Every structure is written in structure tokens, then in C-alpha cells.
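Keep the structure open beside you as you read.

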Amino acid sequence: MNSTSGKEKDTIENQLWFDPSLCFIGNQWLPAKSGKLLDVYDPSTGEQISKISRGDQADIDSAISQAKFALSNEWGNSTAVERGRILYRIGQLVLENTDRLAFLEASDVGKPLKQAKADVSALARYMEFYAGAVDKVHGNTIPFLDGYTVYTLREAHGVTGHIIPWNYPMQIIGRSVGAALAMGNATVLKPAEEACLTALAFADLARQAGLPAGALNVVPGLGTEAGAALARHRGVRHVSFTGSVNVGKQIQTAAAQNVVPVTLELGGKSPQIVFEDADIDAAIPYLVNAGIQNAGQTCSASSRILVQQGVYKEVVHKMAERYRQLRVGPALQDRDLGPLISRRQKSIVEDYLEKGRDLPIASQGSIDADAPNRGHYVVPVLFSDVPPDHVLAQQEIFGPVQVVIPFVDEGEALQIANGTDYGLVASIWTRDGARQMRMAKKIRSGQVFINNYGAGGGVELPFGGTGLSGHGREKGFEALYGFSQLKTVAALHG
Ligand code: ADP
């Protein structure tokens, strides 16, 4: 392998040590059975940079056979300690390949290099966390009738399916595939057709780290083909999906036909709530960054900023100042924001901007003058004085657009915060401890942060939503419970 520093002159060919036009099944690189391919485009330039396979039902069938093979062989008989050691080695290989993985992600997804590097580091952290956690997942003994001994065992589901989006491939592989492998499941991963390169790279690193054949299989392809085939497959015993609400409903419906559990993480309209007694200067970077990170293409993006009347003008003014400094440019130039993933995503965001034409624009950023014309760039926009029921304050945009909404008191803040169909992340900015506790309890959300947002994404923190944001939890120990099932053993011995 050649080692590079991820500089601009690097090319995809230099960075790829595997053939991305193949599927990874049973630790082997295989062409899709149909022989069909899909083009890979760089969102920063709009240029084609590679090809991936267009896997379908036949390839998913092979992947599931290989996963079953793994379960009835070495992988199925492995101990928690053995799996932990393999995961740890995968994490180390991921770290050793930081520059290369970050370059692939930046080129494939349009993510600024430093954000891509942060994703690599998060992927390694997931491996380390699950490596260290998996031998601490204990069952219980249950006091019961005289003459019985009762205990519980945590066991793998079997074959697990993982259908992931394009916005954070490495992080989502870490939190979902990492936890599933830790618990001894054999996994089949269908990455998003827009972003397969790091998923394939990860699979090869896992192979190098000693993961037995069939424990991880990667089938690139379209959602309606490979994705749908995986979600409905009778060999799959658990489906984990991160993506849009509409597809999430289809996944749940498909999995229901086989009566298997699903974990759905479907995005949000996450609020940050700023009270008059907050440390405003500490809050401002979080208020803005949580909205524009990854060009707003983040499930847990904070797209609604609720501000109490007395500090409303100050907060809008300070956020606006920051927005004016935001620069958008090619991922490898490492600006504040890269392009959006695709032309389609760009037109979705532009449609929303059009729907907001009646709203005051507090500020916006700028696109580099020499950014390639065919890149999918949009200017980040901050809207102020937005009515809470406006479409921009209700629907997930998945682009760098934030709305600021004024409120009078705690009751109104809560009503607005809970006034969408989503509930993924929320944050409260106040120095009042009692209010922190009240609000944290009453906000409908899978995570609540107090005087911060996201806590740096800690892999230890259970994550998932309520309402249209989905159900089930990934990250932390909760993921290990989710990717396993409980067996109760009751022995009558007199
Ligand atoms: P987005 O709209 O942000 O691209 P999607 O929900 O469409 O998000 O995609 C997330 C993941 O779901 C991708 O891997 C995609 O290929 C997959 N997918 C899309 N449609 C289906 C489907 N009908 N069945 C299974 N997977 C799908």
C-alpha cells in the first residue's frame, strides 16, 4: 500500500488499493452477478471518478449464504474476547489508513477533508469502544421459585442487514456494523449508491485484521434493488436502516413480513433553545456549526434555533456574523462546507429556499469563486423571524439552512420544540439548573444536550429518535443490546 497525505494532487487511483467495481462477499472480491456497474461522481467537480457494482437480489443471496456460513463456522463459535480483539485490530488499521480513507470519503461524498478525518477517527473509536465493551455484556440471574436456577443469555440475532445513507458512511458503519459484529452477528451491508468507497475499504481492512470470511459482506447497488432485496430477505434476522422517512417505512414494512426487528434512524428537525440567561458567546459556535456541518446533510443537524425575546437580536446578529464568514468550496480545499452530495439534493435544497422567499434572510455565506461549475454547491442561509409552523421550520431540509424562531417563555419554547413530527436531538442553553432539568425531561427527543450540542459525537452515547425520527438505539451499550436477543433459561433441579 502506498501511503499518501491526502493532498490535492492525489487521485482516486492512487488511493484505492482494491477494485471498487466489485462486491465484497465471503472475504472475496466478486463482480455483481449481472455484470452491471454504476458510475461514481465527485460532488465537488461533478466528474466521474470511479465505478461500483450494481448488486441485486442474486448478490444479496450470495452474501447471505456467506453470512450463514460464517455463523455455522469459526465466527459463530467465537468468544466475546476473540471478537473484541479483531474489532480492536480493525480500529487500529482504520487509524493507520486515516489519510487514505479521508481522501476517499472527501472525493466520494464531498466532505471537507478535516470532517472526513473526524469520521475516520469516529469509525476507529467505535471499533475500540465495542472491542472493549463486548465482554462486559452480561446476562442476569433471576431469583425464582425454590428448586430453580434462572438466568438470561445475550445471543446474536444471526444475519443482520445494514442499509446506510451517503452522509456519514464511516460513522454509521461503525455504530451499526461494529456493534452487530461485536455481538457475533454476521453482517450484510448495503451502502448508499452515492457513497460506497469507504464501505468497501473498511471491509478490506476488516479482512486484513482477521475477520473471518462471511462475517462482513458488502453489496453496493441501488436501494430499490440490492437494498430492497436485503430488507425483505428471509435469511435476515435484524435490519438496521438509516435514511429517509419514506424508505424507513418501506424497510419496516418489508421486515414485518418476516417478523424481524428493525432499527430506524430517520433524521430530524432538531432544536437548540437559547434562554436569556445563557452564555451567548459560548453558544454561538454550536448554534451555527450544528447546522452547517457536512453542509447540513446530517440527521442530527440543528436546523431550528429557538431564542428567547430578550437576547433574540443579539443571537441573530452574532450568528449572522459567523454566517458571513462561512466559505463553501471543494472538499479537498477543506473549506467550512463542501458541496451537497448530488444535483438532486441540491435541487431539493433550492426548492426549500424558494419556499422561504417570504422570510427575512439574516445572513448567508459564500461559494469560492473558483469552485467548479459542475459541483453541487449551495450557499448556507440563515433565516430569522420564522413562524414555527412554516414549512422551513417543520420539514427536514438536509442542507445548510437554519431558521431562527423567537419565543417568550419556557412554556412556549417547549411547545415549539416539541411541535414537529420529529424527535432526534435537542439542546438547551441556560445557566438555570432547575430549568435544565425540567426542559430535559419534557423535550420529546432521543438525546438532549445541556449547554452544548452533540458532545463531540461520543460513541458511548446512545443515539436514536422518537416519532418520525425512528426507533431503536445505536451507539453505546444500547447498541449491543439492540444487536442481540435475550434468552431466558430456567433450570428445575429440585
Ligand atoms: P436519501 O434520500 O437521503 O438518499 P434514502 O432513504 O433514499 O436516503 O437512502 C438511504 C439508503 O436506503 C441508501 O442505501 C439507499 O440505497 C437505500 N434505499 C433506498 N430505497 C430503498 C428501498 N426501497 N429499499 C431498501 N433500501 C433502499
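## Ground rules

A salt bridge here is a side-chain nitrogen of Lys or Arg within 4 Å of a carboxyl oxygen of Asp or Glu. Side chains of opposite charge can pair when their charged atoms come close.

The model is predicted, so local features need pLDDT of at least 70 and side-chain atom pairs count only at pLDDT 80 or more, while totals for chains, interfaces and linings use all residues. Residues are numbered from 1 along each chain as its sequence is written, and side-chain values use heavy atoms, leaving out hydrogens and water.

## Salt bridges in the chain

Across the whole structure, a search finds 23 salt bridges. One of them joins Arg175 to Glu474, with the closest N and O atoms 2.9 Å apart. This pair links distant parts of the chain, 299 residues apart: Arg175 sits in helix H6 (residues 169–182), and Glu474 in the loop between strand E21 (470–471) and helix H16 (476–482). Helices (H or I, at least four residues) and strands (E, at least two) are DSSP runs, numbered from the N terminus. Both Arg175 and Glu474 are buried, where buried means under 20% relative accessible area, exposed over 50%, and partly exposed in between (1.4 Å probe, protein chains only).

Lys111 pairs with Asp119, their closest N and O atoms being 2.7 Å apart. Lys111 counts as buried at 1% relative accessibility, and Asp119 is buried at 2%.

Asp277, Glu410, Arg435 and Arg438 are linked in a network of salt bridges. Within this group, Glu410 and Arg438 have their closest N and O atoms 2.8 Å apart. Glu410 lies in helix H14 (residues 410–417) and Arg438 in helix H15 (residues 433–442), so the pair ties together parts that are 28 residues apart in sequence. Arg438 is partly exposed, at 36% relative accessibility.

## Where the domains meet

The domain assignment, whose bounds come from an automatic or database source, gives domain 1 (6–267 + 472–487) and domain 2 (270–421 + 425–459). Their C-alpha centres lie 30 Å apart. In all, 31 residues of domain 1 are in contact with 29 residues of domain 2, contact meaning heavy atoms within 4.5 Å.

Together the two domains bury about 2,500 Å², 55% of it on carbon and sulfur atoms. Pro43, Ser44 and Trp166 supply 22% of the area that domain 1 buries against domain 2, more than any other three residues. Buried area is the accessible area (1.4 Å probe) that two parts lose on being put together, summed over both. One salt bridge is found across this interface.
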